[in-house]
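This report describes how the parts of one protein chain are arranged. Please examine the sequence and the structure shown below before reading on.

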Amino acid sequence: MLCIRSAGPWALLFLAANVSAQEAFPTRAVNLVSPYPPGGAADLTARPLAPALEKVLKQPVIVVNRTGAGGAVGTQFVSQAPADGYTLMITVFSVCTIPEADRVAGRKTRFTADQFVPIGRINADPTIVIVHPSTPWKTVKQLVADAKKRPNEILYVSAGPYSVSHMSMEIFQQMTGVQMRHLPTTGGGPAMTAIVGGHAFVTALSTGAVTPQAKAGKVRVIASTGASRVAAFPDAPTMKELGYDMEVYLWVGMFARKEVPAHALDVIRKAVKQAVTDPQFSEASMKMQMPPAYQDAPEFKKWWDNDCARLASAIRRIPPPDAK
């Protein structure tokens, strides 16, 4: 008892110092790493989110673009960064797809999804299935019927292997039982250019990318891939409405290394939750047609796990190029 009593004040001092240290986070700038170049969904979300976070955290929030290998370079960088809460990641679903693509290809995984913990989902934009207006397809039913008559003849374009457009079209084929030929490009812009120019005839891209071209009559919208219809295209049915169990989103979420201390994660999580309600962030998001669709960490974790499982399953079912 004497020993315990004599140790008591020191223990209390230690606990007080620990609490004080926890309350001090953050005390310097926070880096928000986007694994993609400027102009992509992650970067476009990060730019207006950073100043909103600064207001809450009272520290600079610096957006850092670490690009390369379809998002693998920046994601791997964050997985190896100090787990102190000062290096965070804002990214899209590639955090799920890249490791599975590596496994399918027989490569060593550069990172795994379970190295990260979700902080919050910022937005989730379903893809819009579009066709060239010269085609006879006014509906998904018509496209599917035609594609079944001539397997591997209809050319679809994507923003590159395992991009959201590629995954949308692969899942579309898996759900509808059709086979089409794939024309990969280097991004959403080139993919849209290919459709508008008539070099390919089908794709699925984000609402923001599709809207101006659809309004100009350069593409025809036939469906969307969310749980509910998109406000910009109220007449376009969802794939689920048409009887296909298909949901694909271009979502943006924030993550940290799983080893980041709980008190730091709590501060960051509360800051993000507050930042997404910032009027300037909301206004910027609406202008980009990427409205906030916030999910706090627990809800996002469940949603993320389901989405990763769905995407991984789809990747494993993609036939090798020489099998198509």
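Predicted model: local features only at pLDDT ≥ 70, side-chain atom pairs only at ≥ 80, totals over all residues.

Thr238 is found in the loop that lies between β9 (220–224) and β10. If neighbours within four places in sequence are set aside, the contacts of Thr238 are Ser224, Gly226, Ala227, Ser228 and Arg229.

Thr176 is likewise buried, with a relative accessible area of 5%. Thr176 belongs to helix α6, which covers residues 164–176. Again leaving aside neighbours within four places in sequence, Thr176 touches Val144, Lys148, Met239 and Tyr244.

Strands of a sheet pair through backbone hydrogen bonds, and the pairing may be parallel or antiparallel. Here, six strands form an open sheet in the order β2-β1-β3-β10-β4-β11, and the pairing is mixed. Which strands stand at the edges? They are β2 (61–65) and β11 (292–296); each has a single partner strand, so one side of each has no neighbour in the sheet. From one strand to the next, the twist averages 20°.

Several pairings can be followed in detail. β3 and β10 are antiparallel and share three bridges, and in this part of the sheet Thr91 stands opposite Gly253 of β10. β10 is also joined to β4 by nine bridges, again in the antiparallel sense; here Val117 faces Ala256 of β10. Strand β4, residues 116–126, runs antiparallel to β11 as well, with three bridges between them. Within that pairing, Gly120 is placed opposite Asp296 of β11.

Helix α2, formed by residues 41–57, lies across β1 (30–34), β2, β3 (87–91), β4 and β10 (249–257). Its direction is at about 160° to β2.

Helix α3, formed by residues 72–80, lies across β1, β3, β4 and β10. The angle between α3 and β3 is about 150°.

## The contact of α2 with α9

Two packed helices are described by the angle between their axes and by the distance between those axes. For α2 and helix α9 (residues 262–275), the angle is about 120° and the axes are 9 Å apart. The two helices are therefore oblique to each other, and α2 passes α9 in a right-handed crossing.

On the side of α2, the contact is made by Leu49, Ala52, Leu53, Val56 and Leu57, while α9 contributes Val267, Ala271, Val272, Gln274 and Ala275. Sorted by class, the residues of this contact comprise nine nonpolar, one polar and no charged.

## Helix α4 and its surroundings

How are helix α4 (residues 94–104) and helix α11 (residues 297–317) packed? Their axes are 9 Å apart and meet at an angle of about 30°. Since angles under 35 degrees count as roughly parallel, α4 and α11 are described as roughly parallel to each other. Their crossing is right-handed.

In this contact, Val95, Cys96, Thr97, Glu100, Ala101 and Val104 of α4 meet Trp304, Cys308, Leu311, Ala312, Ile315 and Arg316 of α11. By class, the contact holds nine nonpolar, one polar and two charged residues.

α4 is mostly covered, with nine of its eleven residues buried. The buried residues of α4 are Ser94, Val95, Cys96, Thr97, Ile98, Pro99, Glu100, Ala101 and Asp102. The elements that cover them include α3, β3, β4, β10 and α11. After α4 comes Gly106, which has a positive phi near 75°.

Technical notes:
Residues numbered from 1 in each chain as written. Heavy atoms only, no water. Pairing = 2+ DSSP bridges. Helix = DSSP H or I, 4+ residues; strand = E, 2+ residues; numbered from the N terminus. Axes fitted to C-alpha atoms, helices over the stretch in contact; angles between N-to-C directions. Contact = heavy atoms within 4.5 Å. Parallel < 35°, antiparallel > 145°, perpendicular 65-115°, else oblique. Left-handed = near helix turned anticlockwise from the far one by under 90°. Nonpolar A, V, L, I, M, F, W, Y, C, P; charged D, E, K, R; others polar. Buried < 20%, exposed > 50% of the residue type's maximum accessible area, 1.4 Å probe, protein only.
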